[in-house]
Amino acid sequence: MEENLNKVKIAINGGIGFGAKLNAKQLLTISKYLKEEEEIELTTFQQLYLEIPEEKAEEIKDEFESVGLVSYPVGNYVKSLRTCNFCKGEEAEGMPVAKEVNRRIAGIPVPFTLKVAYTGCPVGCGEPMLSDIGIMKVKDHFNLYIGGKSKGINAEVGCLLLENLTPEELYEAIEMIIAVYAELGKKREVFHKFVKRIGRHKMLDAINPILNQTV
């Protein structure tokens, strides 16, 4: 890899599937952009951070895409969806819904990094209740949680915002929540604090006109 080029940091993963996995071809492709002694960071949100030459960024992203890797921006954006391992199969655990959620929200600019987690059943392996926004599939519908906090001595479980949502209701609700946060959140205000500041009911007020439902 050429020296003295401006670098840009990107996040990559193998997309939404049965757990966080990479195959040999993907690993070999990633290794092309690492020096022999260079380390690569694995985040808690199932992403790898990699620095690549800025002037070749789009070309390299296309190469990653050709082997099934997905690239995301790093910084104050919505992270790619954290998922469980989908232990009962694609349709049963709602993987198509998880993929669509990720497609709609990953990479949206927000006041501070926003983490969204999905789990395909009430066991909750994806830890949705400890994330900023959490989705739990319950039978054929979805429950939506907000305001979880996984770190610190004051870690806190998120609160149930909406339940028994259809996929389309889920997509619209999450997009509206993110839009409200993007509009009303203060610079670098973490989502947990944002929810505490504006309150659950104000969030519902923004969402209910679209969903036409209350909790």
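The lining of the second largest pocket divides into seven nonpolar residues, seven polar and one charged (nonpolar: Ala, Val, Leu, Ile, Met, Phe, Trp, Tyr, Cys and Pro; charged: Asp, Glu, Lys and Arg; polar: the others, Gly among them). The model is predicted, with local features requiring pLDDT of at least 70 and side-chain atom pairs pLDDT 80 or more, whereas totals for chains, interfaces and linings use all residues. Residues are numbered from 1 along each chain, and side-chain values use heavy atoms, without hydrogens and water.

The volume of the second largest pocket is about 180 Å³. Its 15 lining residues include Asn13, Gly14, Ala20, Lys21 and Gln46, the closest to its centre. A pocket is an open set of points on a 1 Å grid over the protein atoms alone where a 1.4 Å probe fits, with protein on both sides within 12 Å along at least five of seven lines; lining residues have an atom within 4 Å of a point. Volume is the space filled by probe spheres set on the points, which are joined across faces, edges and corners.

The largest pocket holds about 470 Å³. Among its 18 lining residues, Lys115, Asp132, Lys149, Ser150 and Lys151 lie closest to the centre. Five lining residues are nonpolar, six polar and seven charged.
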